[in-house]
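Reader: I would like to learn how to read contacts, cores and charge pairs in a model. Could we start from a single side chain and work outwards?

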Amino acid sequence: MEEKNYYAVPLITMAVVTGFIAGVFGSLLGYTVYYLNFTEITPGVILAPWNGGWKDGWAGILLAALLYGLVSILAALLYYGTLRKRKSFWWGAAYGVILFLFVFLVLYPLFPGTKSLLKYDINSILTGLCAYVLYGVFIGYSISYEYEEFIYLKQLKLKQ
């Protein structure tokens with residue numbers, strides 16, 4: 001009897017793809033809210049170690065989006081390794097809040113030109129927090145859904 005492959009893409013690969021997409025779209029969302037003046041925190045802060053006016057143009061936006069995509073893969077793998085079995089979207093929201101606090105309380109000294117979290121205005125803080133919560137929910141819900149789908153298909157395969 002021929003064995004059917006019900007799940008063609010490994011879960012870890014789905015987590016990597018989810019992380020990359022979340023990072024790219026999250027950074028583009030960050031640029032959008034920055035240009036609409038909802039926040040004074042630019043996603044271009046990831047390009048702070050490099051010099052040049054190109055950082056403020058399309059090349060800088062694209063490079064920053066790709067860099068956030070790559071960094072976001074690590075965040076997605078961390079979620080995959082620790083919380084993939086959690087079904088509620090609240091876990092993703094909490095993960096987003098934790099990432100927000102980690103970035104703005106621990107990592108901010110690594111980037112020249114950034115300030116401590118409490119030195120930003122309330123609009124910047126709330127906009128950033130909401131963006132991170134949305135980011136965490138996207139990663140968490142996507143990875144948890146794929147995990148549950150994998151378990152379901154695995155059980156379905158065992159019943160046959």
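Reader: Which residues is Tyr95 in contact with, leaving aside its neighbours within four places in sequence?

Author: In this predicted model, Tyr95 is in contact with Ala75, Leu78, Tyr79 and Leu83, once neighbours within four places in sequence are set aside.

Reader: What is the largest nonpolar core, and which residues have the most contacts inside it?

Author: In soluble globular proteins, nonpolar side chains tend to be buried together. Here the largest nonpolar core has 14 residues, and Tyr79, Tyr95, Tyr135, Ile139 and Ile143 have the most contacts inside it. Each of H1, H2, H3 and H4 supplies at least two residues of this core; the largest share, 5 residues, comes from H2. There is also a second, separate core of 6 residues, with Ile41, Phe100, Phe104 and Tyr120 among them.

Reader: How many salt bridges does a search of the whole structure find?

Author: Side chains of opposite charge can pair when their charged atoms come close. The search finds 2 salt bridges. One joins Glu40 to Lys115, with the closest N and O atoms 2.9 Å apart. Glu40 lies in the loop between H1 and H2 and Lys115 in the loop between H3 and H4, so this pair ties together parts 75 residues apart in sequence. Glu40 is partly exposed at 37% relative accessible area, and Lys115 is partly exposed at 33%.

Reader: Where do Glu148 and Lys87 lie?

Author: Glu148 is in helix H4 and Lys87 in the loop between H2 and H3, 61 residues apart. Their side chains meet in a salt bridge at 4.0 Å, N to O. Glu148 counts as partly exposed, at 29% relative accessibility, whereas Lys87 counts as exposed, at 62%.

Notes: Residues numbered from 1 in each chain as written. Predicted model: local features only at pLDDT ≥ 70, side-chain atom pairs only at ≥ 80, totals over all residues. Heavy atoms only, no water. Helix = DSSP H or I, 4+ residues; strand = E, 2+ residues; numbered from the N terminus. Buried < 20%, exposed > 50% of the residue type's maximum accessible area, 1.4 Å probe, protein only. Core = buried A, V, L, I, M, F, W, Y, C linked by side-chain atoms within 4.5 Å. Contact = heavy atoms within 4.5 Å.
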